[in-house]
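The following note sets out comments on the structure shown below, arranged as numbered points for discussion.

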Amino acid sequence: MNDRPNPGWFGRNWKWLVPTGCLTVLLLFALVLAGLIGLGVKGMSGLMSGSEPVRHALTLAKANPEVQAAFGEPLETGMGFQGSLTTNNDSGSADLSVPIKGPKGSGRLYVKGEREADRWTYRLIEIAVDGSERRIDLLGAPSAPAPKETAPEKTQEHDPDAPAEPAATA
C-alpha cells in the first residue's frame, strides 16, 4: 500500500517554520542595531555634556536670575545636542546648541568659543526660551548690576564764619 515513511516534524511544519525563523532573525538584528544607535546617541550626549564649554555655560545659566525665573530649578540638559566640539592638544573650538529644560519651561543653550593655550574664550553663551523670541545673554552685563565699590566721599561741614573759597574761573 503506502511504502513511503511518514515525514518527520520538520517535514510536516517547514512551511511556517522557515518564514517565522527568518523574520525572527531580522527582528533581532533590527533590535540590536537600534540599541547600538541609541547607545551611540546617548554616549555622544554624555561626552558633550561633560565638556568644559557646556559645564561652564550651565554654571552661568544656573547662577543667572533671569534663567531661574524662566526655567525654574533644577535646570537640566536634554537629549539632542547639536553642533561641533573639536579639541587638538591645547587648542580647539566649540559651536554647540544644547537643549535645556526646567519645571517652568524649556529652551536651547548656545555656546561658541575658542580654546588656545588650554584656555577657553567664549564669544557667545546665550539661552533661547522656547515659545518666545526672548534670548538671555549669559556673557553680557548681569541684569542687576553689582554695586560699585567707591571710596567714601569726604564730607565737609560748612562753617558759616569761614571765608568763602574763591570761585574758579574758566
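1. Is tryptophan 9 buried, partly exposed or exposed? In this predicted model, tryptophan 9 has a relative accessible area of 46% and is therefore partly exposed, as this value falls between the limits of 20% and 50%. The residue belongs to helix α1, which spans residues 9-49. Tryptophan 9 is also a member of a nonpolar surface patch, together with Phe10, Trp14, Trp16 and Val18. The accessible area of these residues together is about 570 Å².

2. Two aromatic pairs are found when the whole structure is searched. One joins tryptophan 9 to tryptophan 16: the ring centres are 6.1 Å apart and the planes stand at 85°, so the arrangement is edge-to-face. Tryptophan 16 is partly exposed, with a relative accessible area of 46%. The rings of tryptophan 120 and tyrosine 122 also pair, with centres 6.2 Å apart and planes at 15°, so this pair is stacked. Here tryptophan 120 counts as buried, at 18% relative accessibility, and tyrosine 122 likewise counts as buried, at 17%.

3. On the overall architecture, the chain contains three helices and six strands. Read from the N terminus, their order is α-α-α-β-β-β-β-β-β. Of the 170 residues in the chain, 23% are buried. The accessible surface of the chain amounts to about 13100 Å², and carbon and sulfur atoms account for 58% of this area. Among contacts between residues at least 6 apart in sequence, 45% connect residues at least 24 apart.

4. Which residues touch the most other members of the largest nonpolar core? They are Val67, Phe71, Leu109, Ile127 and Leu138, in a core of 22 residues. At least two residues of this core come from each of α2 (52-63), α3 (65-71), β3 (91-101), β4 (106-116) and β5 (119-129). Strand β5 gives the most, with five residues. In soluble globular proteins, nonpolar side chains tend to be buried together.

5. The surroundings of isoleucine 127 deserve a separate comment. With neighbours within four places in sequence set aside, isoleucine 127 is in contact with Ala61, Val67, Phe71, Ile100, Leu109, Ile136 and Leu138, among others. The contacts of isoleucine 127 also include the arginines Arg108, Arg134 and Arg135.

6. The structure holds five salt bridges. One of these salt bridges links glutamate 52 to arginine 55, with the closest N and O atoms 2.8 Å apart. Both residues lie in helix α2, three residues apart, which is about one turn of the helix. Glutamate 52 counts as partly exposed, at 34% relative accessibility, and arginine 55 is partly exposed, at 44%.

7. Which parts of the chain does the pair of glutamate 66 and arginine 134 link? Their side chains meet in a salt bridge at 3.5 Å, N to O. Glutamate 66 is in helix α3, whereas arginine 134 is in the loop between β5 and β6 (135-137), so that the pair links distant parts of the chain, 68 residues apart. Glutamate 66 is partly exposed, with a relative accessible area of 28%, and arginine 134 is partly exposed, with 36%.

8. A further salt bridge joins glutamate 126 to arginine 135, the closest N and O atoms lying 2.6 Å apart. Glutamate 126 counts as buried, at 14% relative accessibility, whereas arginine 135 is partly exposed, at 46%.

Methods:
Residues are numbered from 1 along each chain as its sequence is written. This is a predicted model: local features need pLDDT of at least 70, side-chain atom pairs count only at pLDDT 80 or more; totals for chains, interfaces and linings use all residues. Side-chain values use heavy atoms; hydrogens and water are left out. Patches are made of residues with over 30% relative accessible area and no salt bridge: like charges are joined within 9 Å, nonpolar side chains (Val, Leu, Ile, Met, Phe, Trp, Tyr) within 5 Å. Accessible areas come from the Shrake-Rupley method with a 1.4 Å probe; for residues, only the protein chains shown count as cover. A salt bridge is a side-chain nitrogen of Lys or Arg within 4 Å of a carboxyl oxygen of Asp or Glu. Helices (H or I, at least four residues) and strands (E, at least two) are DSSP runs, numbered from the N terminus. Buried means under 20% relative accessible area, exposed over 50%, partly exposed in between (1.4 Å probe, protein chains only). Rings of Phe, Tyr and Trp (its six-membered ring) pair if their centres lie within 6.5 Å; planes under 30 degrees apart count as stacked, over 60 as edge-to-face and the rest as tilted. Contact means heavy atoms within 4.5 Å. A nonpolar core is a set of buried Ala, Val, Leu, Ile, Met, Phe, Trp, Tyr and Cys residues joined through side-chain atoms within 4.5 Å.
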